Amino acid sequence: MEEAEKDDNDKVSMYEIIRAGVDGKIATPGWYKNVKEMDYTGLLREEAYTSASQLKIMHEILKQEVNNVELTSLSVINELNKNKEDMGL
């Protein structure tokens with residue numbers, strides 16, 4: 001398995017975390033066999049990990065949506081200020 005790419009702060013990107021999850025689990029036939037043979041505790045652990053991964057991805061998506069709204073708001077404010085200056089106000 002190849003090394004995950006890190007950013008300038010030596011952190012692994014969300015993309016790399018998702019890719020590792022797909023490559024290491026979903027895209028690996030052995031993972032399905034392993035899940036099939038897990039006991040109840042192992043299945044709960046796998047479910048907890050999968051749920052935590054989903055929540056992390058959803059959180060990152062929401063953060064990006066907030067950033068987009070903030071940037072759009074700043075753009076609108078900037079445009080309004082420019083129009084106000086053009087009108088001499």
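Are Arg19 and Glu16 buried or exposed?

Modeller: Both Arg19 and Glu16 are buried, where buried means under 20% relative accessible area, exposed over 50% and partly exposed in between (1.4 Å probe, protein chains only). The model is a predicted one, in which local features need pLDDT of at least 70 and side-chain atom pairs count only at pLDDT 80 or more, while totals for chains, interfaces and linings use all residues. Residues are numbered from 1 along each chain as its sequence is written, and side-chain values use heavy atoms, with hydrogens and water left out.

The two residues belong to helix 1, in which they stand 3 residues apart and are therefore separated by about one helical turn. Helices here are DSSP runs of H or I with at least four residues, numbered from the N terminus. Arg19 and Glu16 form a salt bridge whose closest N and O atoms are 2.7 Å apart; the term denotes a side-chain nitrogen of Lys or Arg within 4 Å of a carboxyl oxygen of Asp or Glu. Side chains of opposite charge can pair when their charged atoms come close. Asp23 joins Glu16 and Arg19 in a network of salt bridges, and the count by this rule comes to 6.

Helix 1 has 13 residues, which at 1.5 Å a residue should span 18 Å, and its end C-alpha atoms, 17 Å apart, agree with that. The expected span is 1.5 Å times one less than the number of residues. The buried residues of helix 1 are Glu16, Arg19 and Lys25. They pack against helix 2 and helix 3, contact being taken as heavy atoms within 4.5 Å.

Lys25 leads from helix 1 to another part of the chain. Its side chain meets that of Glu46 in a salt bridge of 2.4 Å, N to O. This pair links distant parts of the chain, since Lys25 lies in helix 1 and Glu46 in helix 3, 21 residues apart. Lys25 and Glu46 are both buried. On the helix 3 side, Gly42 and Glu60 are buried as well as Glu46, and what covers the buried residues of helix 3 includes helix 1 (14-26) and helix 2 (29-37). The backbone oxygen of Glu46 is reached by the side chain of Thr50 at 2.9 Å.

Ile18, Val22, Ile26 and Tyr32 form a nonpolar patch with about 350 Å² of accessible area together, and the largest share, 3 residues, comes from helix 1. Patches consist of residues with over 30% relative accessible area and no salt bridge, like charges being joined within 9 Å and nonpolar side chains (Val, Leu, Ile, Met, Phe, Trp, Tyr) within 5 Å. Accessible areas come from the Shrake-Rupley method with a 1.4 Å probe, only the protein chains shown counting as cover for residues. Val22 is found in helix 1 and counts as partly exposed because its relative accessibility is 35%.

Definitions and conventions: Polar contact = N/O pair within 3.5 Å; in protein donor to acceptor, adjacent residues only side chain to side chain.
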